[in-house]
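Please examine the structure shown below. The paragraphs that follow lead through its metal site and its aromatic contacts.

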Amino acid sequence: MKVIAIEEHFTTTEHVDALRSLINRVNSGSTDAMDECNISFEARWVLPAKPPADDGGIMEKLLDVEGRRINVMDEAGIDMQVLSIMSPGVQAFDGETATILAKSINEKLAKIIERNPNRYAGLATIAPQDPKTAAEELERAILELGLKGACIHSHTKGEYLDDRKYWTIFAAAEKLAAPIYLHPRMPSPLMVRPYLTYPCLATGMWGFAAEVSLHAMRLICSGLFDEFPGLKIILGHFGEALPFWLWRLDNRWQRNLFGMQLKKKPADYVRDNFVVTTSGMFHHPSLQCAYSTLSADRILFAVDYPFESCSDAVKFIKSSPISENEKESICRKNAEHLLKL
Ligand code: MN
């Protein structure tokens with residue numbers, strides 16, 4: 001069975017240097033970035049001054065795409081990785097830096113894919129700071145560079161994409177039939193403070209899912225999907241808990257306490273406009289929840305390399321109590337269809 005993994009990260013030395021330089025400016029107080037609280041905190045996780053001894057060489061793995069990574073994929077039985085830039089992508093930078101960096105990352109990614117067309121596909125990096133240019137870059141990435149969608153790392157300087165100024169990005173995505181992977185980063189500046197007492201809570205343990213599920217619900221409540229019904233959003237980690245919430249979303253929505261109007265019920269948008277992946281959630285009861293609320297056609301295989309183990313992810317999906325046909329859909333068919341691989 002061919003296995004395609006769709007939330008697999010990489011970075012470039014240029015990206016790492018730009019992040020280091022931003023972190024240094026924030027630490028020295030020489031920037032009034034809205035992201036200040038975030039980036040200095042996020043930095044401990046993204047670029048620790050002294051990587052913990054047990055981090056398994058995360059940065060080396062992110063920088064290595066065409067070397068050892070291919071052996072790791074072979075050993076685990078992964079045929080193809082769909083690559084995306086590591087969190088927080090370019091979203092912590094000023095608009096100009098972010099836009100230039102995004103283009104350069106996309107060009108590097110396209111060359112990697114050109115050299116390894118059977119092993120890699122890619123999601124574009126775009127800079128929402130400048131929505132019109134981001135939409136143009138998405139179009140260039142899909143039509144000229146052959147990338148398959150985009151990855152956006154949740155908030156951009158504390159702002160969420162339900163703000164209408166960002167909708168030009170979604171208009172382009174819908175027109176191009178290019179899905180957007182809404183990927184976690186640490187909670188936005190206004191949300192992060194209650195996490196700081198227990199910093200581990202702000203990461204994949206809790207804060208990432210809280211941040212992205214809030215972002216997804218804001219997109220739904222804004223009416224975005226009534227305006228762009230063909231838009232597809234990918235959520236990792238089995239939908240950042242949304243499948244578990246579907247019934248209650250609709251139950252509370254129907255009371256209409258705040259007079260908000262949508263054409264459909266919130267859970268309908270989750271079913272129609274979102275797909276979820278297995279990234280970093282190798283747990284059969286979580287699969288069962290997404291499987292029974294959304295169906296196997298809306299679940300795609302992903303690892304979250306190098307933060308998770310490729311072989312654990314493959315063992316998990318192969319041992320899941322669903323039919324071989326459904327495994328085939330999750331591991332290959334759904335990704336081929338959604339990303340036009
Ligand atoms: Mn990830």
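Is F316 buried or exposed? In this predicted model, F316 has a relative accessible area of 4%; because this value lies under 20%, the cut-off for burial, F316 counts as buried. The ring of F316 pairs with that of F282: the centres are 5.9 Å apart and the planes stand at 40°, so the pair is tilted. F282 is located in the loop between β8 and α14 (284–294), whereas F316 belongs to helix α15, so the contact ties together parts that are 34 residues apart in sequence.

A search of the whole structure finds 5 aromatic pairs. Among them is that of F225 and F274, whose ring centres are 5.3 Å apart with the planes at 65°, so the arrangement is edge-to-face. F225 lies in helix α10 (residues 224–227) and F274 in strand β8 (residues 274–277), so this pair links distant parts of the chain, 49 residues apart. Both F225 and F274 are buried. Together with Y269, F225 and F274 form one aromatic cluster.

The metal site is the remaining topic. A manganese ion is coordinated by E7 (OE), H9 (NE2), H183 (NE2) and D304 (OD), at 2.0 to 2.3 Å. Along the sequence, these donor residues follow the spacing E-x1-H-x173-H-x120-D. Within this set, H9 and D304 link distant parts of the chain, 295 residues apart: H9 is in strand β1 (residues 4–10), and D304 is in the loop between β9 (299–300) and α15 (310–318). H9 and D304 are both buried.

Terms used: Residues are numbered from 1 along each chain as its sequence is written. This is a predicted model: local features need pLDDT of at least 70, side-chain atom pairs count only at pLDDT 80 or more; totals for chains, interfaces and linings use all residues. Side-chain values use heavy atoms; hydrogens and water are left out. Donors are N, O and S atoms within 2.8 Å of the metal (3.2 Å for Na, K and Ca); water is not among the atoms, so sites may look incomplete. Helices (H or I, at least four residues) and strands (E, at least two) are DSSP runs, numbered from the N terminus. Buried means under 20% relative accessible area, exposed over 50%, partly exposed in between (1.4 Å probe, protein chains only). Rings of Phe, Tyr and Trp (its six-membered ring) pair if their centres lie within 6.5 Å; planes under 30 degrees apart count as stacked, over 60 as edge-to-face and the rest as tilted.
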